[in-house]
Amino acid sequence: MKKTYAKRTLRAVAMILALWLVTACFGRDDRNYFAIRGFYLEPRDSLDVVFLGSSEVSADVCSVYAYGQTGLTGYQYSIDSNLPSLYLPQLKEILSRQSPQAVVVEVNGFLIGSEKDLLKEPTLRVYLDATRLSLRKTETLSQLPLEEDRASYLFPFIKFHTMWEQTREWTNYLVSWPMIRFRGYSLFKGYLTKPVLLDAPDPFPLPGSGEKLDLCGERVWEYLREFADYCAENRVPVVFARFPHHLSSEREVKAYRRFLTVKEYLTERGFPCLDLQECQEDLGIRREDYYNESHLNLAGQEKLTSRLMETLRSDFNVEPGNLSASERRHWDNCLENYRELRELYERSIGGDERFIYEEIRHFLRVKGYI
Amino acid sequence: MSYVSLTFPLFTAASVLAYYLFPLKKLRWTVLLAASYVFYFFTGLGFGYLMLVTTLTTWLGALWMDRMGAAAEAEVEAHKSEWSREERKAVRNEAKKKKRRVLTAILVLNFGVLAFLKYYNLFAEHLCLWGFSAPTLRLLLPLGISFYTFQAMGYLIDVYRGKYPAERNPGKTALFVSFFPQIVQGPIGDYAQLSPQLFEARPFDYDRARRGLQLAAWGYFKKLVIADRAVIVIGAVTSAYADYDGSAILMAAVLYALQIYADFSGGIDISRGIAQILGIELAENFRRPYFSRSISEYWRRWHISLGAWMRNYVFYSLTTSKAFLRMGRSIRSAKPEPSPARLHTAKVFPTALASLIVFLLVGIWHGANLKYVGFGLWNGGIIMLSVLLAPEYEKLRSALRIRAESRLFILFQMVRTFFIVLVGYYFDIAPSFGGAVDMMRRSVTDLHFKAGTEQILSCGVSPKQMGALAFGAAVMLAVSAAQERRPEESLRLRLEKRPALSWLLLFLCIACTMVFGVYGPGYDSGAFVYMQF
């Protein structure tokens, strides 16, 4: 009798596991998706610094390079065009797995130019598809006005089960994600760059503190206040920052003027807020250190990373934590791969503007998979 | 809470757990009642009160008729020795008359509500056309109203006919009317078959539950992989059929045959599967209808429970009525020495006419539109002709020396039946009666298969999706053919002997539905075709 029950239970469990495996074969073929999912692979409480923000966080700093320079371990937890509404859920998600000595928050996401950008569903999707199912996720979902079926956010398979129709994307996903998953860690920790030198007019003069511009609507203020309140209440070791941009367009200048407002608010509340735009010259960042107006290329990113790490160590007492032997091997392997990427980058500088160097493409190309 | 929403499987799992874990076995049926009402009030567009009215009138009416019958019998019994046979008959007839009045009132009330909700606006529109004024109302049809009304009224008529005593417990009547797996689109249950299962507590049976799970998974496969994909093409073609080549219209009609079967039988399989997990066997509603050799056989295999309802409560009532009996006699006695053809006509014409009326009613039940009258007349008319001309067909077959059981002839009959059914479907998919006729005309006069195929492939379904649709249809055809060749029970027994294979098939079915099913953001796969009836 017991044997019969055991057999039946075993069969049911085997079927459920097989079905779970089927769902694991479908996901988003997108670097943002891999960056967020890769975060969950980092050993718990193993990171010294986490960078939070928009695409600037992916492009302007490099955690692996920082590790090579200082021994500090970090992760670039970001998605392109990050939204004010997502900063707090993202911070909570970070703190649920890691206890970093510093969380560097790049505030560009709060500087949006239009209120209609406040709840862009595609951006919400990119982030929420990648986050794990948890009570925090359901809480985040309940606070967002979503048009698409909420169940598909909780179980992204509902959306991605049709991926077999896009053979190329599906193949990319089926090759890429298992590589990261079975390796056990992300190689570049959410990093990307482009082998491009910016070709843009000279920048406008840097606006002074008297040229502040208000944030775009009360909702953005609410999100910023909530974020700051949470950090203050929970004593999160947060360091706000604005990474440098090439201010050659009105849009960029306006964003910087909004940053001045944010900076004033955060400073008044006692939070550290680094204006890295202001000390751009000091950092030695020039036009050719950008790949576009908003993002630094590899040369610029190395300069910024060195300075930022130096500041974190000197002003915020961030020191490398103790890594186990296997963690050290993992980080050394990341560094080795970063060097390969760097070589590839230097060989192809000025090449195809569309080509993004990040974990998946780099890995597949350098290792000869594509 | 649609069948294809994520909440439905969760709700069902919770209901099954609550049902089997309920400590008071005698009252286990109350769990089903509670689950059914929760389901209906979450899904039924706030029309639960209409179902309550049907339940209450049915319960009270049945009880009342039962008591009237019992009182008359008691009276007859008390005066058995004093009263003559005629006197006893008179008392019984009086009671029957009263019972008939009660029955009529309840039938009129319930079918009146159904008819009002379904047809009032059409009636009002026509009144306006004729120069009268009647306001159109924002009427929504409550979920499954036809199915629960038919089921409840069937029970009431059976009580009137004395087939079984009335149910005394209002809760049990309510469960019979509202049982959640079947309320959406049937099958229409028979009280004698369903009630013992609903009210008896049955222990959990692993094999039955697994079979139920398989059946439900198979239903989801048919609905999500085949029906909901085919409907995209059908919708695109039929909404602007004038822009499409005749061959594209023909292909859309064939796809519709596939879609409606997969949708409806899929929904029924889900219902039957869930009921099976709960230990309840619902009546079979489809028996591979596209393998039928005649249109009469097709209708015995398609929506079996509606056919049975119509046969029991409309067809038999008509054929045994005085008018129909008189009609047969008058055809026969019109000439002193009737020919064999006249004798055949006298024998079958009343039943053929009853069939035509039944199909006309079925057509009107489908919707308040002339095209559905066309649908009913087409099917009823073909059945009528085939019954009346049966001897001529036999003569022709004999003259051509065709063996009735030859495979080729059987195949010919199946294809012929399918095309007759297909013509009927044109009335379903067309926007109007005239549109249906126009679509049929174009399907035979405007045939350019290459252009038609290209048009079909540009209807919003990619070639890969078409591949998935073809795969689903091929699997469904293969399963149906296997079931047709061997009795279903033997297939089931074979699978039960190999539980590992059984689980593997279940896994494949669920996995294929998950991957190839049409659902998720961007798709609206919520409604089953027959939910709207």
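A crossing of two helices counts as left-handed if the near helix is turned anticlockwise from the far one by less than a right angle, and as right-handed if clockwise. I wanted that noted before looking at the helix pair below.

**Ground rules.** I am working on a predicted model, where local features need pLDDT of at least 70, side-chain atom pairs count only at pLDDT 80 or more, and totals for chains, interfaces and linings use all residues. Residues are numbered from 1 along each chain as its sequence is written, chains are lettered from A and ligands numbered from 1 in the order in which they are written, and side-chain values use heavy atoms, with hydrogens and water left out.

**Helix pair.** I looked up H11(A), residues 218-233, against H12(A), residues 250-268; helices are DSSP runs of H or I, at least four residues, and strands are E runs of at least two, numbered from the N terminus. Their axes sit 12 Å apart at an angle of about 35° (axes are lines fitted to C-alpha atoms, for helices over the stretch in contact; angles run from 0 to 180 degrees between N-to-C directions). The crossing of H11(A) and H12(A) comes out right-handed. Contact (heavy atoms within 4.5 Å) involves A:Trp221, A:Leu224, A:Arg225 and A:Ala228 from H11(A), and A:Thr261, A:Val262 and A:Tyr265 from H12(A).

**Sheet.** Next I traced an open sheet of five strands in chain A, ordered S2-S1-S3-S5-S6 with parallel pairing; two strands pair if DSSP finds at least two bridges between them. S2 and S6 (273-275) are at the edges with a single partner strand each, so one side of each has no neighbour in the sheet. On average, neighbouring strands are turned by 20° against each other, direction ignored.

S1(A), residues 49-53, runs parallel to S2(A) over five bridges, and A:Leu52 is opposite A:Tyr77 in S2(A). S3(A) and S5(A) share four bridges, also in the parallel sense; there A:Val104 has A:Val239 as its bridge partner.

Is S2(A) covered on one face or both? Both: A:Gly74, A:Gln76 and A:Ser78 are buried on one side, A:Tyr75 and A:Tyr77 on the other. Buried is under 20% relative accessible area, exposed over 50%, partly exposed in between (1.4 Å probe, protein chains only).

**Core.** Of its 233 residues, A:Tyr77 and A:Phe227 touch the most other members. Helix H10 of chain B supplies the largest share, 16 residues. Not counting residues up to four places away in sequence, A:Phe227 touches several residues, including A:Leu52, A:Val105 and A:Phe240.

Conventions
A nonpolar core is a set of buried Ala, Val, Leu, Ile, Met, Phe, Trp, Tyr and Cys residues joined through side-chain atoms within 4.5 Å.
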